[in-house]
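User: Can you walk me through this one? I'd like to start with the rings and then hop around a bit.

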Amino acid sequence: MSDISEYRLPNSASEECGHWCVYLILCEGGSLYCGISNHPEARFAAHQAGKGAKYTRIRKPLEMRLVSQALSKSAAAKLEIKVKQLKAAEKRDLWLALA
């Protein structure tokens with residue numbers, strides 16, 4: 001997956017942008033968790049504190065990378081579904097491309 005443009009939605013002055021983002025979290029064991037938030041730093045801290053998703057309570061979060069930001073909540077939710085439908089290898093490729 002060398003082209004991640006379909007996962008990064010452009011910010012345009014003519015578009016109405018929100019404050020939501022789609023993120024990937026690398027967990028212990030190498031698994032990746034995808035989510036959305038309007039406060040990504042606070043959400044990652046919650047995941048690390050064991051107050052996030054059940055998935056990240058079981059698998060310790062190590063690092064977070066933003067896939068896309070400045071989205072409406074609806075656009076973020078749609079993109080989250082698209083990322084979650086990727087195969088594990090494709091998610092790893094996306095993670096590496098975001099570095």
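Analyst: Let's start with a charge over a ring: Arg 59 lies over the face of Tyr 55, at 3.9 Å from the ring centre. For that label, NZ of Lys or CZ of Arg has to be within 6 Å of the ring centre and within 35 degrees of the ring normal. This is a predicted model, where local features need pLDDT of at least 70 and side-chain atom pairs count only at pLDDT 80 or more, while totals for chains, interfaces and linings use all residues. Residues are numbered from 1 along each chain as its sequence is written, and side-chain values use heavy atoms, with hydrogens and water left out.

User: OK. How many aromatic pairs does a search of the whole structure find?

Analyst: Two aromatic pairs turn up. Rings of Phe, Tyr and Trp (its six-membered ring) pair if their centres lie within 6.5 Å; planes under 30 degrees apart are stacked, over 60 edge-to-face, and the rest tilted. Tyr 23 and Tyr 33 make a tilted pair, with 6.5 Å centre to centre and 45° between the planes. Tyr 23 sits in strand β1 (residues 20-27) and Tyr 33 in strand β2 (residues 32-37), so this pair ties together parts 10 residues apart in sequence. Helices (H or I, at least four residues) and strands (E, at least two) are DSSP runs, numbered from the N terminus.

User: And what about Tyr 33 and Tyr 55, how far apart are their ring centres?

Analyst: Those centres are 5.9 Å apart and the planes are at 25°, so the pair is stacked. Tyr 55 is in helix α2 (residues 54-58) and Tyr 33 in strand β2, so here the parts tied together are 22 residues apart in sequence.

User: Switching to cysteines. How many disulfides does the search find?

Analyst: Zero disulfides, going over the whole structure. Cys 21 is in none, and its nearest cysteine sulfur, that of Cys 34, is 9.8 Å away, whereas a disulfide needs a pair of cysteine sulfur atoms within 2.5 Å. Cys 21 is buried, with a relative accessible area of 3%, and Cys 27 is buried at 1%.

User: What does Glu 80 touch?

Analyst: Leaving out residues up to four places away in sequence, Glu 80 touches Val 22, Cys 34, Gly 35 and Ile 36. Contact means heavy atoms within 4.5 Å. Glu 80 is in helix α3 (residues 73-84) and counts as buried at 15% relative accessibility.

User: Now the packing. How many residues are in the largest nonpolar core?

Analyst: That core has 16 residues, and Val 22, Leu 24, Val 67, Ala 76, Leu 79, Val 83 and Leu 94 have the most contacts inside it. At least two residues each come from β1, β2, β3 (61-71), α3 and α4 (88-97), with β1 giving the largest share, four residues. A second, separate core of six residues includes Tyr 23, Tyr 33, Phe 44 and Ala 53. By nonpolar core I mean buried Ala, Val, Leu, Ile, Met, Phe, Trp, Tyr and Cys residues joined through side-chain atoms within 4.5 Å.

User: Zooming out, in what order do the elements run?

Analyst: From the N terminus on, β-β-α-α-β-α-α, which is four helices and three strands. Buried residues make up 38% of the 99 in the chain. Among contacts with a separation of 6 or more, 65% join residues 24 or more positions apart.

Note on methods. Buried < 20%, exposed > 50% of the residue type's maximum accessible area, 1.4 Å probe, protein only.
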